[in-house]
Amino acid sequence: MTAADADAVLAIYQAGLDSGNASFETVAPDWPAFDAVRIKAHRFVAEDRHIHGWVAITPVSARPVYAGVVEHSIYVDEQERGQGIGRQLLEALIASTEAAGIWTIQSAIFPENEASLALHRAVGFRTVGVREKVARHPAQGDRWRDTVLIERRSPVVL
């Protein structure tokens with residue numbers, strides 16, 4: 001993923017946000033803000049003639065003891081879902097992070113996003129727990145939402 005991918009990446013991100021089941025965020029950031037917080041060595045796009053989806057990670061903490069723990073985001077173009085793109089992106093991310101010594105990839109997913117939960121389970125993520133009414137969703141009338149905490153612990157790095 002490079003700056004040349006910015007328009008497509010941010011459009012896919014915004015479409016996911018507009019669905020109401022991808023994030024508490026409601027507006028995708030501009031490219032400089034997006035680029036600044038995501039680790040460049042571990043962000044990927046799925047593309048042939050155009051970009052179909054993306055995956056990227058952010059550190060969970062600046063504390064050295066958490067250097068091997070990251071949070072990820074994955075978004076696939078709505079028209080491209082169900083074709084294995086998400087799995088390919090997650091497999092690339094897993095290979096990349098394990099090679100770099102990262103031992104945990106984590107995320108929080110809305111329980112209603114059953115397809116994402118199933119995808120993550122298929123590549124080795126497990127449910128850690130459910131955070132009930134963790135925050136209010138601003139685009140949904142400040143409705144309280146739960147999130148499912150998932151993680152993948154590397155059998156290679158541990």
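Glu112 and Arg145 form a salt bridge in which the closest N and O atoms are 3.0 Å apart, a salt bridge being a side-chain nitrogen of Lys or Arg within 4 Å of a carboxyl oxygen of Asp or Glu. Because Glu112 lies in the loop between S4 and H4 and Arg145 in strand S6, the pair ties together parts that are 33 residues apart in sequence; helices (H or I, at least four residues) and strands (E, at least two) are DSSP runs, numbered from the N terminus. Arg145 is buried, with a relative accessible area of 1%, whereas Glu112, at 43%, counts as partly exposed; here buried means under 20% relative accessible area, exposed over 50%, and partly exposed in between (1.4 Å probe, protein chains only).

This is a predicted model, in which local features need pLDDT of at least 70 and side-chain atom pairs count only at pLDDT 80 or more, while totals for chains, interfaces and linings use all residues. Residues are numbered from 1 along each chain as its sequence is written, and side-chain values use heavy atoms, with hydrogens and water left out.

The whole structure holds six salt bridges. Asp35 pairs with Lys40 in one of them, the closest N and O atoms being 3.4 Å apart, and Arg43 forms a salt bridge with Asp35 at 2.5 Å between the closest N and O atoms. Asp35 counts as buried at 18% relative accessibility, and Lys40 as exposed at 52%, while Arg43 is buried.

Helix H4 (residues 114–122) has Ser116, Leu117 and His120 as its buried residues. Seen down the axis of H4, these fall within an arc of 100 degrees, so they line one face of the helix, the arc being that of the directions from the helix axis to the C-beta atoms. They pack against strand S3 (69–76), H3, strand S4 (104–109) and strand S6 (143–153), with contact meaning heavy atoms within 4.5 Å. On the other side of H4, Glu114, Ala115 and Arg121 are exposed.
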